[in-house]
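Biologist: Let us go through a model together. Show me how to read a feature, then give me the case here.

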Amino acid sequence: CANCHGLNAVSGGVVPDLRYLSPDKHKLFPGIVYGGRTSRGMPSFSGGLGQEDVERIRQYILYRAHGLKAEQEASSSSR
């Protein structure tokens, strides 16, 4: 994931920053990972990841999203 979506799920701006996934995209996440988005350059990972793996990745993305939100709130309150 980091090769395209950045270390710690922080995108460099070329591909989506997964920390900003909407609740709808989180529902679609397994299908996106397994089906890929070949028209957008994302391959399918259906042959290499199990359901638990995909859910762990999704949970990590949520963890990173909550961290980003906390950073933004701290930054905004310190102004």
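**Salt bridges and surroundings**

Modeller: Start with a pair of side chains. Glutamate 52 and arginine 56 form a salt bridge, with their closest N and O atoms 3.3 Å apart. Keep in mind that this is a predicted model.

Biologist: In which helix do glutamate 52 and arginine 56 lie, and how many residues apart?

Modeller: Both are in helix α3, which covers residues 51-77. They sit 4 residues apart, about one turn of the helix.

Biologist: Are glutamate 52 and arginine 56 buried or exposed?

Modeller: Both are exposed. For a number, take arginine 56. It has a relative accessibility of 52%, so it counts as exposed, the cut-off being over 50%.

Biologist: How many salt bridges does a search of the whole structure find?

Modeller: It finds 4. One of them joins the side chains of aspartate 17 and arginine 19, at 2.6 Å from N to O.

Biologist: Why does aspartate 17 count as buried?

Modeller: Its relative accessible area is 16%, and buried means under 20%, so aspartate 17 falls in that class.

Biologist: What is the relative accessible area of arginine 19?

Modeller: It is 13%, so arginine 19 is buried too.

Biologist: Where is arginine 19 found?

Modeller: In the loop between α1 and α2. The side chain of arginine 19 makes a polar contact with the side chain of aspartate 17, at 2.6 Å. A polar atom of the arginine 19 side chain also lies 3.3 Å from the backbone oxygen of alanine 9.

Biologist: What is the phi of alanine 9?

Modeller: Positive, about 65°, although alanine 9 is not a glycine. Alanine 9 belongs to the loop between α1 and α2. Its relative accessibility is 8%, so alanine 9 counts as buried.

Biologist: Which value is phi of asparagine 8 near?

Modeller: It is near 60°, also a positive value in a residue other than glycine. Asparagine 8 is found in the loop between α1 and α2. With 46% relative accessibility, asparagine 8 counts as partly exposed.

Biologist: Now pockets. How much space lies in the largest pocket?

Modeller: The largest pocket holds about 610 Å³. Its lining has 23 residues, and His5, Pro16, Leu18, Ile32 and Met42 lie nearest the centre. The elements that give two or more residues to this lining are α1 (2-5) and α2 (23-35).

Biologist: Which element gives the largest share of the lining?

Modeller: That is α2, with 4 residues.

Biologist: Step back to the whole fold. How many helices and strands are there?

Modeller: There are 3 helices and 0 strands. From the N terminus on, the order is α-α-α. The C-alpha trace spans about 45 × 25 × 20 Å along its principal axes. Of the 79 residues, 24% are buried.

Biologist: Last point: confidence. What is the mean pLDDT of the protein?

Modeller: First the general idea. Where pLDDT is low, the predicted coordinates should not be read in detail. In this model the mean is 93, and 100% of the residues reach 70 or more.

Biologist: In which element is confidence lowest, and in which is it highest?

Modeller: Lowest in α1, with a mean of 90, and highest in α2, at 95.

Key. Residues numbered from 1 in each chain as written. Predicted model: local features only at pLDDT ≥ 70, side-chain atom pairs only at ≥ 80, totals over all residues. Heavy atoms only, no water. 1 Å grid on protein atoms, 1.4 Å probe; cavity = no way out; pocket = protein on both sides within 12 Å on 5 of 7 lines; lining within 4 Å. Points joined across faces, edges and corners; volume = space filled by probe spheres on them. pLDDT = per-residue confidence, 0-100. Buried < 20%, exposed > 50% of the residue type's maximum accessible area, 1.4 Å probe, protein only. Polar contact = N/O pair within 3.5 Å; in protein donor to acceptor, adjacent residues only side chain to side chain.
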